[in-house]
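Here are a few exercises to work through with the structure open. Try each task yourself before reading its solution.

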Amino acid sequence: MAKDYRKLIQDSGVKMYRVAHEAHTNASNLSVWLRYPDELNASQKQRLETALTKLGIKFN
């Protein structure tokens, strides 16, 4: 089962636009990434998880 990144982000209080900025993408793409986490390729997953780590959001 995929991680619920959207819930992790919402629970942290960090704004989605900050996550998108840190992941080097736009809000629209981030929304798709969060809607379909099983569909992420390795690069997208790494960018998202790196952004979460930089923002102090624990996802493990």
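**Exercise 1.** Find what caps the N-terminal end of α3.

Solution. Start at Asn26: one of its side-chain oxygens sits 3.2 Å from the backbone nitrogen of Ser28, and that caps the helix's N-terminal end. This model is predicted, so local features need pLDDT of at least 70 and side-chain atom pairs pLDDT 80 or more, while totals for chains, interfaces and linings use all residues. Residues are numbered from 1 along each chain as its sequence is written, and side-chain values use heavy atoms, leaving out hydrogens and water.

**Exercise 2.** Work out which residues of α3 are buried and how they are arranged around the helix.

Solution. First, list the buried ones (under 20% relative accessible area, 1.4 Å probe, protein chains only): in α3, residues 27–35, they are Leu30, Trp33 and Leu34. Next, look down the axis of α3: these residues fall within an arc of 95 degrees, so they line one face. Remember that an α-helix has 3.6 residues a turn, so residues three or four places apart point the same way. Finally, check the cover: it includes α1 (5–12), α2 (16–22) and α4 (42–54).

**Exercise 3.** Describe how α3 packs against α4.

Solution. Begin with the axes, lines fitted to C-alpha atoms over the stretch in contact: they are 12 Å apart, at an angle of about 100 degrees. That makes the two helices roughly perpendicular (65 to 115 degrees). Now pick out the contact (heavy atoms within 4.5 Å): α3 brings Leu30, Trp33 and Leu34, and α4 brings Gln44, Arg47 and Leu48.

Methods:
Buried means under 20% relative accessible area, exposed over 50%, partly exposed in between (1.4 Å probe, protein chains only). Helices (H or I, at least four residues) and strands (E, at least two) are DSSP runs, numbered from the N terminus. The arc is that of the directions from the helix axis to the C-beta atoms. A polar contact is a pair of N or O atoms within 3.5 Å; within protein, one must be able to donate a hydrogen and the other to accept it, and residues adjacent in sequence count only if both atoms are side-chain atoms. Axes are lines fitted to C-alpha atoms, for helices over the stretch in contact, and angles run from 0 to 180 degrees between N-to-C directions. Angles under 35 degrees count as roughly parallel, over 145 as roughly antiparallel, 65 to 115 as roughly perpendicular and the rest as oblique.
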